[in-house]
Every structure is written in structure tokens, then in C-alpha cells.
Amino acid sequence: MPKQFIEDEIKKKLTPEQYHVLREKGTEAPFTGKYLNHGENGMYTCAVCGAEIFSSDTKFNSGTGWPSFNNPANTKAIKLTEDRSQSMRRVEVSCANCGSHLGHVFNDAPNQPTGMRFCINSACLGFKPKGAKAKK
Ligand code: FE
């Protein structure tokens, strides 16, 4: 399928804010996302492709204003890339399956078992409650 066609289909199923964050590497404003204080048990999924990317078991309150996880659902679920934009040196987190931007990972959570803080935009996530059937 032509790339532009795929991109147009993705655009149709996302809100303009979601599209900006996921496909143009944007960042949602802190303390605004719908999953920030979400405490249900289950799996967080990629809002574009439905891949399971973070488990609620690893979610914690980092106080930063974005949903935070100490580990991905599995190491193959996400892709890490060096990001030197905005005069910073960060590590970008994206969906390994579809390449959509998810957020960044920082090594600044010493109170977490992994020491890591995956700082993920709510706009990039879907949620599948524990026990629910798989759906996109
Ligand atoms: Fe994806």
C-alpha cells in the first residue's frame, strides 16, 4: 500500500492531538492526559496499531505529569532511538510494530526496580483491561 494512503488512514482514526504526538513526535501538555491517574489492571496498547506496549504492573506515579512505567511489556514491543532535538540528548521511545512516537525514557527513577522512567504520552495509548479479549 502507498505510504501516503496508510498515513491518511492513520490520521482518520486519531484525534488531531493524537496524530501530532504519535506521528509528528509531539508531546502532550503535562497533567492533561487521560491515563495519568488511571489505575486499572491491564495492558496499555499503541493507539495506532494496538500492540501491547506497557503493563499496568509497571506503572507508577512519577509526579512529572505523564504516565510513567518502569519497563516495557516486553523488550521487543518498543524501539529506542537517540533524540538530539530541542538541545537535549534524550532517548526516544517508539512502537516497534508501527514506528509511532510514544515518549522518552529516562534513567532517573532510583525508587523503581529498574531505575528507569518510561515517560509516555496518554495520547499514544489505548487500554485493554485485564481479562478482556484482544482488540485493536
Ligand atoms: Fe504501534
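Predicted model: local features only at pLDDT ≥ 70, side-chain atom pairs only at ≥ 80, totals over all residues.
Methionine 1 sits in the segment that comes before α1 (3-13). With a relative accessibility of 77%, methionine 1 is classed as exposed, because the cut-off for that label is over 50%.

Aromatic rings come next. The structure contains six aromatic pairs. One of them joins tyrosine 35 and tyrosine 44 edge-to-face, with 5.5 Å from centre to centre and 85 degrees between the planes. Tyrosine 35 has a relative accessible area of 8%, so it is buried. Tyrosine 44 comes out at 0% relative accessibility and therefore counts as buried too.

Tyrosine 44 also pairs with phenylalanine 69: here the ring centres are 5.3 Å apart and the planes stand at 65 degrees, so this pair is edge-to-face as well. It ties together distant parts of the chain, since tyrosine 44 belongs to strand β1 (residues 42-46) and phenylalanine 69 to strand β4 (residues 68-69), 25 residues apart.

Another ring has a charged neighbour: lysine 11 lies over the face of tyrosine 19, 4.7 Å from the ring centre.

Notes:
Residues numbered from 1 in each chain as written. Heavy atoms only, no water. Helix = DSSP H or I, 4+ residues; strand = E, 2+ residues; numbered from the N terminus. Buried < 20%, exposed > 50% of the residue type's maximum accessible area, 1.4 Å probe, protein only. Phe/Tyr/Trp six-rings, centres within 6.5 Å; stacked < 30°, edge-to-face > 60°. Lys NZ or Arg CZ within 6 Å of the ring centre and 35° of its normal.
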